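Student: I'd like a close look at one part of this model, please. Could you walk me through it in some detail?

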Amino acid sequence: GGIILARMKMGFDQVATSIEKLEEEALTPQQLQSLAEYLPTVDEANALKQYAATNGKDRIADMCECEKFMIAMLNVRQAKNKIRCLLFKQQFPACFEQLEKDASTVENACDELFNSVRLRKLLGIVLNIGNKLNTAGSGQRKANAFTLESLLKLNQAKAFDKK
């Protein structure tokens with residue numbers, strides 16, 4: 001943890017202020033994800049508050065990077081939620097762009113299926129075969145359509161010799 005925190009180009013107090021003020025330009029998504037992992041738990045926060053109160057701020061300088069970061073984050077209200085919010089704000093444009101591309105792909109696929117002459121002919125053949133099988137070639141009433149569910153059952157059809 002100390003390695004990631006040591007690579008920060010700003011002090012932990014500045015990091016805490018940026019998160020408190022929801023300054024999305026101050027930290028990258030990777031930094032925010034890393035920082036979220038090192039937020040103090042309730043027990044750690046209580047222990048750090050007690051330590052700082054009894055030993056004074058001069059002893060904080062002797063602490064490791066993770067503990068210094070945790071102490072700086074003690075003053076940030078709902079730090080985890082604010083980090084998640086900042087991450088969402090930074091990642092939303094890319095996610096939205098990908099969703100637009102995916103929706104466009106699905107829409108194009110639907111248009112291709114709807115306008116496909118070959119698919120229409122194939123489904124017509126399936127309907128005719130189904131009508132022949134169901135009416136045994138007699139002149140009984142024929143179906144005008146079939147459901148997708150019945151189409152999915154075609155692979156379960158067996159010949160007279162059960163193959």
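Tutor: Happy to. Gln-78 lies in the loop between α5 (65–73) and α6; helices here are DSSP runs (H or I, at least four residues), numbered from the N terminus. A word on the ground rules: this is a predicted model, in which local features need pLDDT of at least 70 and side-chain atom pairs count only at pLDDT 80 or more, while totals for chains, interfaces and linings use all residues. Residues are numbered from 1 along each chain as its sequence is written, and side-chain values use heavy atoms, leaving out hydrogens and water.

Confidence comes as pLDDT, the predictor's score for each residue from 0 to 100. The protein chain averages 86, and 91% of the residues score at least 70. Helix α6 has the highest mean, 96, whereas helix α1 (residues 2–6) has the lowest, 72.

Gln-78 is exposed, at 58% relative accessibility; buried means under 20% relative accessible area, exposed over 50%, and partly exposed in between (1.4 Å probe, protein chains only). The C-alpha atom of Gln-78 is 8.6 Å from that of Glu-20, although the two residues are 58 apart along the chain.

Side chains of opposite charge can pair when their charged atoms come close. A salt bridge here is a side-chain nitrogen of Lys or Arg within 4 Å of a carboxyl oxygen of Asp or Glu, and the structure holds 5 of them. One joins Glu-20 to Arg-77, with the closest N and O atoms 3.2 Å apart. Glu-20 sits in helix α2 and Arg-77 in the loop between α5 and α6, so this pair ties together parts that are 57 residues apart in sequence. Glu-20 is partly exposed at 22%, while Arg-77 is exposed at 58%.

A second bridge pairs Glu-24 with Lys-89, with 3.1 Å between the closest N and O atoms. This pair also links distant parts of the chain, 65 residues apart: Glu-24 is in the loop between α2 and α3 (29–37), and Lys-89 is in helix α6. Both partners are partly exposed, Glu-24 at 28% and Lys-89 at 36%.

Within helix α6, Lys-101 and Glu-97 are 4 residues apart, about one turn of the helix, and their side chains meet in a salt bridge (3.8 Å, N to O). Lys-101 is partly exposed, at 48% relative accessibility. Glu-97 is also partly exposed, at 44%. Salt bridges that share partners join Glu-20, Arg-77 and Lys-82 into one network.

Helix α2 (residues 12–20) also contains Ser-18, which is buried at 5% relative accessible area. Leaving aside residues up to four places away in sequence, Ser-18 touches Met-10, Glu-23 and Ala-26, where contact means heavy atoms within 4.5 Å.

Finally, the cysteines. A disulfide is a pair of cysteine sulfur atoms within 2.5 Å, and the whole structure has 0 of them. The sulfur of Cys-85 is 14 Å from the closest cysteine sulfur, that of Cys-95, which is too far for a bond. Cys-85 is partly exposed at 32%, and Cys-95 is partly exposed at 45%.

Methods
Helices (H or I, at least four residues) and strands (E, at least two) are DSSP runs, numbered from the N terminus.
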